[in-house]
Amino acid sequence: MFVMALDVGTGSAKAVCVQADGRPLPGTEARVAYEPRITGDGGVEMDPEVLLAAVVEAVSACLAGCGARAGEIRGVGASTFWHGLMALDARGRPLTPVFTWADMRSARAAADLRHVPGRHGAPAPPVRDRCGAPPVLRE
């Protein structure tokens with residue numbers, strides 16, 4: 001019995017099958033590297049098609065390394081780079097690149113919001129109301 005561990009990070013997608021004792025199953029480790037696109041205005045973006053292709057390649061290589069034992073995989077644990085944002089259309093297709101945690105284009109707007117009157121420096125209730133915050137956060 002194995003668990004596949006999948007890590008989609010800022011610089012690569014990695015997959016490996018881990019045995020019940022926590023050790024990697026030999027021959028199942030796969031890593032597919034890529035680089036974010038850095039824009040002149042502080043943007044740090046990922047192409048969603050590149051990310052998907054890298055994940056598919058890493059998972060496929062990991063499964064190939066399992067060979068006939070691939071059927072013993074009982075679960076998948078996944079981790080992705082934090083604080084990414086991507087807009088999707090009604091069919092779930094990407095409308096934008098993935099804006100990563102390192103993207104600084106909204107830094108000025110975020111700093112400006114800190115000066116809007118509100119509780120504990122948060123935006124005033126009308127802003128929270130418009131963005132759909134739960135009622136408990138509106139008080």
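Me: Where do I start, and what is the order of the strands in the open sheet?
Reply: The open sheet has four strands, in the order β3-β2-β1-β6, and their pairing is mixed. Keep in mind that this is a predicted model.

Me: Which strands stand at the edges?
Reply: An edge strand has a single partner, and here that applies to β3 and β6 (73–80), so one side of each is left without a neighbour in the sheet. Neighbouring strands of this sheet are turned against each other by 15 degrees on average, with direction ignored.

Me: How many bridges join β1 to β6, and which way do the two run?
Reply: Seven bridges join them, and the two strands run parallel. To find your place in this region, look for Asp-7, which stands opposite Ser-79 in β6.

Me: Where does α1 lie?
Reply: Helix α1 lies across β1, β2, β3 and β6. Its direction is about 25 degrees from that of β2.

Me: What is Cys-17 in contact with, leaving aside neighbours within four places in sequence?
Reply: Its contacts come from several parts of the chain. Phe-2, Val-3 and Met-4 are among them, as are Arg-23, Pro-24, Leu-25 and Thr-28. Cys-62, Cys-66 and Ile-73 are also in contact with Cys-17.

Me: What does the side chain of Gln-19 reach?
Reply: Gln-19 lies in strand β2, and its side chain reaches the backbone oxygen of Pro-24 at 3.2 Å. Not counting residues up to four places away in sequence, Gln-19 touches Met-1, Phe-2, Pro-24, Leu-25 and Pro-26.

Me: How many salt bridges are there?
Reply: A salt bridge is counted when a side-chain nitrogen of Lys or Arg is within 4 Å of a carboxyl oxygen of Asp or Glu. By this rule, the count comes to eight. One of them joins the side chains of Arg-23 and Asp-21, at 2.6 Å from N to O. Asp-21 is partly exposed, with a relative accessible area of 48%.

Me: Is Glu-45 buried or exposed?
Reply: Buried means under 20% relative accessible area. Glu-45 has 6% relative accessibility, so it counts as buried. The side chain of Glu-45 meets that of Arg-37 in a salt bridge, at 2.3 Å from N to O.

Me: Which residues are linked with Glu-45 in a network of salt bridges?
Reply: The network links Arg-37, Asp-41, Glu-45, Asp-103 and Arg-105.

Me: What about Arg-69 and Glu-72: how do their side chains meet?
Reply: They meet in a salt bridge, at 3.1 Å from N to O. Arg-69 is partly exposed, with a relative accessible area of 39%. Glu-72 has 27% relative accessibility, so it counts as partly exposed.

Technical notes
Residues numbered from 1 in each chain as written. Predicted model: local features only at pLDDT ≥ 70, side-chain atom pairs only at ≥ 80, totals over all residues. Heavy atoms only, no water. Contact = heavy atoms within 4.5 Å. Polar contact = N/O pair within 3.5 Å; in protein donor to acceptor, adjacent residues only side chain to side chain. Pairing = 2+ DSSP bridges. Axes fitted to C-alpha atoms, helices over the stretch in contact; angles between N-to-C directions. Buried < 20%, exposed > 50% of the residue type's maximum accessible area, 1.4 Å probe, protein only.
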